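I opened a new structure today and kept notes as I went. Here is the model I worked from.

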Amino acid sequence: MSMKTGSATNSTREESHEESPEPRITPEQAGIEMALDLASKGDLEGALQLGRILLDECEHSEEPLTRMAFHRLLVEWSSQLERPMDCKRLASRAVEWGSKKLGETSQAVLMARNSELYWMCEVGYDRLAARRFPALLEDVTRTLGADSELAWAVRVNSAMPLKAAGDFEGASIVYRELIVDMARILPADDVLLMTVRDNLAEV
């Protein structure tokens, strides 16, 4: 313990120190850091297992945006392990949780909704996804703008159900219209624009 010297300066320092405790690390933050460490060492299975425990035990997150970012990582890790159904389930869980905490039109939730529809198409729920894409695109356009990257991503993904149904002409129309809109803003060699051109070439 420090001795009392009677110095106003020392007294102020001590009070300042007492009023500024070290930031508290929550169990959720500690768990996320452990999962990230496991993933960085190549143990995606362990990271996912820990992640699922965190989602179950830390329902009331103090940092909802951090939680949504962690959801995205869990989906990415499951994708790397080639588990599309797990990706869909995790994305759906992110949408459900994020919608309650942040609202359906929060940017983080809009991203999760797009991810959910993408993985629904990947696992065979393309007809259901097709019915949901218009509402998502409307929300993204209203919230972030028609020329946002997320709006473009939603439009690209909305062609997936068309291709699954064999409607390649419909998918090509989606790509062509998107290319026109993107070309107004992006240079011809932009990677996003080139990716959509590749998608069009494939159909």
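**Entry 1: the whole chain**

I noted at the start that this is a predicted model. I then looked up the elements. The chain has 11 helices and zero strands. Read from the N terminus, the order is α-α-α-α-α-α-α-α-α-α-α.

Next I checked burial. The chain has 203 residues, and 37% of them count as buried. I also looked at contacts between residues at least 6 apart in sequence. Of these, 52% join residues at least 24 apart.

**Entry 2: α4 and α5**

How do the axes of α4 and α5 cross? I found α4 at residues 64–80 and α5 at residues 84–102. Their axes come within 9 Å and cross at roughly 170°. An angle over 145 degrees counts as roughly antiparallel, so α4 and α5 are roughly antiparallel to each other.

I listed who makes the contact. From α4 come Pro 64, Leu 65, Arg 67, Met 68, His 71, Leu 74, Val 75, Ser 78 and Ser 79. From α5 come Asp 86, Cys 87, Leu 90, Ala 91, Arg 93, Ala 94, Trp 97, Gly 98 and Leu 102. I sorted the contact residues by type: 11 are nonpolar, four polar and three charged.

**Entry 3: the largest pocket**

I turned to the pockets. The largest one has a volume of about 280 Å³. It is lined by 17 residues. Which of them are closest to its centre? They are Arg 72, Met 111, Ala 112, Asn 114 and Ser 115.

I traced the lining back to the helices. At least two residues each come from α4, α5, α6 (107–122) and α8 (149–157). Helix α6 gives the most, with seven residues. By type, the lining holds 10 nonpolar, five polar and two charged residues.

**Entry 4: the second largest pocket**

This pocket has a volume of about 180 Å³. I wrote down its lining: Glu 149, Trp 152, Ala 153, Val 156, Leu 178, Met 182, Leu 192, Thr 195, Val 196 and Asn 199. The helices that give two or more of these residues are α8, α10 (168–183) and α11 (191–202). I counted seven nonpolar residues, two polar and one charged in this lining.

**Entry 5: α8**

I looked at its burial next. Is α8 mostly covered or mostly exposed? It is mostly covered, with seven of its nine residues buried. The buried ones are Leu 150, Ala 151, Trp 152, Val 154, Arg 155, Val 156 and Asn 157. Two of these names, Trp 152 and Val 156, are also in the lining of the second largest pocket.

What do the buried residues of α8 pack against? I found α6, α7 (126–144), α9 (160–164), α10 and α11.

**Entry 6: Ala 171**

I ended on one residue. Ala 171 is found in helix α10. Is Ala 171 buried or exposed? Buried means under 20% relative accessible area. Ala 171 has 0% relative accessibility, so it counts as buried.

I looked up its neighbours. Leaving aside residues up to four places away in sequence, Ala 171 touches Ala 159, Leu 162 and Lys 163. I also checked Met 160, which is 11 residues from Ala 171 along the chain. The C-alpha atoms of Ala 171 and Met 160 are separated by 7.5 Å.

Key: Residues are numbered from 1 along each chain as its sequence is written. This is a predicted model: local features need pLDDT of at least 70, side-chain atom pairs count only at pLDDT 80 or more; totals for chains, interfaces and linings use all residues. Side-chain values use heavy atoms; hydrogens and water are left out. Axes are lines fitted to C-alpha atoms, for helices over the stretch in contact, and angles run from 0 to 180 degrees between N-to-C directions. Helices (H or I, at least four residues) and strands (E, at least two) are DSSP runs, numbered from the N terminus. Angles under 35 degrees count as roughly parallel, over 145 as roughly antiparallel, 65 to 115 as roughly perpendicular and the rest as oblique. Contact means heavy atoms within 4.5 Å. Ala, Val, Leu, Ile, Met, Phe, Trp, Tyr, Cys and Pro count as nonpolar, Asp, Glu, Lys and Arg as charged, and the others, Gly among them, as polar. On a 1 Å grid over the protein atoms alone, a cavity is a set of points where a 1.4 Å probe fits but cannot get out, and a pocket is an open set with protein on both sides within 12 Å along at least five of seven lines; lining residues have an atom within 4 Å of a point. Grid points are joined across faces, edges and corners, and a volume is the space filled by probe spheres set on the points. Buried means under 20% relative accessible area, exposed over 50%, partly exposed in between (1.4 Å probe, protein chains only).
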